[in-house]
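Please consult the sequence and the three-dimensional view below while reading.

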Amino acid sequence: MVIPLPCATSFPSISRPAHQPSSRLTWYIHGSNRLSIPLATSAAKSRSAKTVMERESLSMKEALQLFDELLLSEKGAMEKAEMLVREMISLGIKPDVVSYNSLVDSFCKLGAMKKAEKLVQEMIYKGISPNVVTYSSIVDGFCKSEDMEKAEQLVREMICRGVKPNVMTYNSLVDGFFKVGEIDKAEKIVREMKSVGIKPDVVTYNSLVDGLCKIGEIDKTEKIMREMKSVGIKPDAVTCNTFVVGFCKLEKMEKAEKIVHEMISGGIKPDVVTYNSLVDGFCKVGSIEKAKKLVQEMISKGIKPNIVTYSIIVDSFCKSGEMEKAEELVHEMICRGVKPNVMTYNSLVDGFFKIGEIDKADFFLREMISVGIKPNIVTYNSLVDGFCKLGAMVKAEKLVHEMISKGIKPDIVTYNSFVGGFCKLGAMEKIEELVHEMISKGIKPDIVTYNSFVDGFCKLGAMEKVEELVHEMISMGMKPDIMTYTSLVYGFFKVGAVENAVKLVYEMINGETKPDIMTYYTLIDGFCNNGKVNVAEELLQKIVSSGFEPDVEAYSKVMTGLTAEGEWNKAVNLFHMAVSNGLAPNVKMYRSLMFIFHKKGEIKKAEEILNEMISKGLLES
């Protein structure tokens, strides 16, 4: 605990020496004697503090410095600080509005809103009128804790007491309403402050830009930037970084880079936050190499890439299956003195599982534990999901027991992995047990859970059960999405209800959920399996002409069907179409072509196809 200067007739200016830690404040007496007492961490120290206060007759201002030091000293010191101040008051040190404001502000910063509110009521009871600083502090505290109803109530109270809100009060409200998603109210507050003659400052505009960027209202944010310039408010680093973050999240990388150039030309230096946003943005649009170049640019400009910078790129390499590059980057970050964290290891574990390198995933799991990094729910979910996708349900269950033993509770992601895994195995009874278990543990099934459930029953052709599930999910406020619809299309084809499948796709075309490439693949597969190969071939042609790029499996399925139906010319044309679109034909396509040439008596051509297959490693010689 820090003891303020004892009262004296003359003292030099008091300041904290730069080398002193925050847990100690040295007070200089008469420029020579030095009193240094550590922050209160025990009853004995509190008693010694009280003794000094009694001996030295502290002013309230000095007492409050002591209070602030104690609040900053240790976690849970708030009660001790409050007790100490009460002791000060009991010694006859009378608080004034400035003193109370310091206390209110400190409690608000610690999130102790009930205590802060109680202090304001105490002020009123003692005849000390709260001023704009008092109210602005407590309004800001409630806004930060997202209790906007209470914040508004206090603003009404301050106005009733004749205290006019200032720019800080309004800024807190603007930021608070954006945080709780009440955009209209935030914008209304800005209009209101203008109408009462309070000019928005850079903080106001920063809150507006941040809130609008988060909801993708880029046009509005650009309008705000123009308004700032027109009223002579220069955007600061926070404004620019907010714009960069917003544009990057929306994958508008040209605009993000333009903002950075404007920052530099305006004398604002991009920092690690700016670069991390750009790195993240370029990784999201698939330009990982551009992101790596930005890291080199950071280093050349003296900006040290941090764990966030590297983790973003490592995660992107892992997601794209480029595990060798991910490992190289981890080695580079370690060489630069940046230690991998749990996020870095989670990306590596997940990435190696996805490409089937289970031993490598296990290696990094063991390594993270060996360096003292505890696996978290994300780590375990990656492992569980990996085993579930492989159908290794026993191993996945063992992992869940392990995570529970370490105090990590399975969440919706964990359960959804199991639901998906059992669906692939057709173990629908097991899934129903899991869903009941989820609900009993207070975990509400989401759209992913239901989609797995629907998909599993569709694959079994149990459409009556599927209909029940779809009605259930709608009743729970969940809208069927593209995955739900595509599973239903598959299910209808599975039971031969072709008309129902087609009708559903038309409903999708005319509704909110438009078919995607997987829906069309499901249609092609369904038509082929239900003896409507010509319809499938026509649909494939339309998909290509619409700008989609079907994969080789779509061509293969239709070509096999056309060959079986005797539509040989169409089958051969489809083969050449696939090649011209940059696809490498698979074994089934080559075999269809060989069959056609053989049947047509074109033995030489059939032999050429056979040799081509051998040369491409599709057949052994």
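Is phenylalanine 364 buried or exposed? In this predicted model, phenylalanine 364 is buried, because its relative accessible area is 6% and the limit for a buried residue is under 20%.

## Overall composition

The chain contains 33 helices and two strands. Of its 621 residues, 44% are buried.

## The nonpolar core

In soluble globular proteins, nonpolar side chains tend to be buried together. Here the largest nonpolar core comprises 161 residues. The residues with the most contacts inside this core are Ile138, Leu173, Ile313, Leu348, Phe418 and Leu488.

Leucine 348 can be examined individually. When residues up to four places away in sequence are not counted, leucine 348 touches Val314, Cys318, Met323, Ala326, Val330 and Phe364.

## Two helix pairings

Helix 6 (residues 132-144) and helix 8 (residues 167-179) have axes that come within 9 Å and cross at roughly 10°. Helix 6 is therefore roughly parallel to helix 8. On the side of helix 6, the contact involves Val132, Ser136, Val139, Asp140 and Cys143, and on the side of helix 8 it involves Thr169, Ser172, Leu173 and Gly176. The residues of this contact comprise four nonpolar, four polar and one charged.

A further pairing joins helix 16 and helix 18 (residues 342-354), whose axes are 9 Å apart and pack at an angle of about 5°. Helix 16 is therefore roughly parallel to helix 18. Ile307, Ser311, Val314, Asp315 and Cys318 in helix 16 meet Thr344, Ser347, Leu348 and Gly351 in helix 18. The contact of helix 16 with helix 18 also divides into four nonpolar, four polar and one charged residue.

## Aromatic residues

A pair of aromatic rings is described by the distance of the centres and the angle of the planes. The structure holds nine aromatic pairs. One of them is formed by phenylalanine 363 and phenylalanine 364, with 5.2 Å from centre to centre and 75° between the planes, an edge-to-face arrangement.

What is the exposure of phenylalanine 363? Phenylalanine 363 counts as partly exposed because its relative accessibility is 37%, whereas phenylalanine 364 is buried. Both residues belong to one aromatic cluster formed by Tyr345, Phe352, Phe363 and Phe364. Phe364 is also among the residues that leucine 348 touches.

## Individual sites along the chain

Valine 244 lies in helix 12 (residues 237-249) and counts as buried, at 0% relative accessibility. Its contacts, not counting residues up to four places away in sequence, are Ala256, Ile259, Val260, Thr274, Ser277 and Leu278. Valine 244 and leucine 278 are 34 residues apart in sequence, yet 7.3 Å apart in space, C-alpha to C-alpha.

Serine 316 is located in helix 16 (residues 307-319). At 12% relative accessibility, serine 316 counts as buried. Leaving aside neighbours within four places in sequence, serine 316 is in contact with Cys283 and Ile288.

Alanine 392 occupies the loop between helix 20 (377-389) and helix 21 (393-405). Its relative accessibility of 23% makes alanine 392 partly exposed. Alanine 392 and glycine 421 are 29 residues apart in sequence, and their C-alpha atoms are 8.4 Å apart in space.

## Loop residues with positive phi

Most residues other than glycine have a negative phi. Which value of phi does glutamate 146 have? Glutamate 146 has a positive phi of about 65°, although it is not a glycine. Glutamate 146 lies in the loop between helix 6 and helix 7 (148-160), and at 46% relative accessibility glutamate 146 counts as partly exposed.

Glutamate 251 likewise has a positive phi of about 65° without being a glycine. Its position is the loop between helix 12 and helix 13 (253-265). With a relative accessibility of 43%, glutamate 251 counts as partly exposed.

Methods: Residues numbered from 1 in each chain as written. Predicted model: local features only at pLDDT ≥ 70, side-chain atom pairs only at ≥ 80, totals over all residues. Heavy atoms only, no water. Core = buried A, V, L, I, M, F, W, Y, C linked by side-chain atoms within 4.5 Å. Buried < 20%, exposed > 50% of the residue type's maximum accessible area, 1.4 Å probe, protein only. Contact = heavy atoms within 4.5 Å. Axes fitted to C-alpha atoms, helices over the stretch in contact; angles between N-to-C directions. Helix = DSSP H or I, 4+ residues; strand = E, 2+ residues; numbered from the N terminus. Parallel < 35°, antiparallel > 145°, perpendicular 65-115°, else oblique. Nonpolar A, V, L, I, M, F, W, Y, C, P; charged D, E, K, R; others polar. Phe/Tyr/Trp six-rings, centres within 6.5 Å; stacked < 30°, edge-to-face > 60°.
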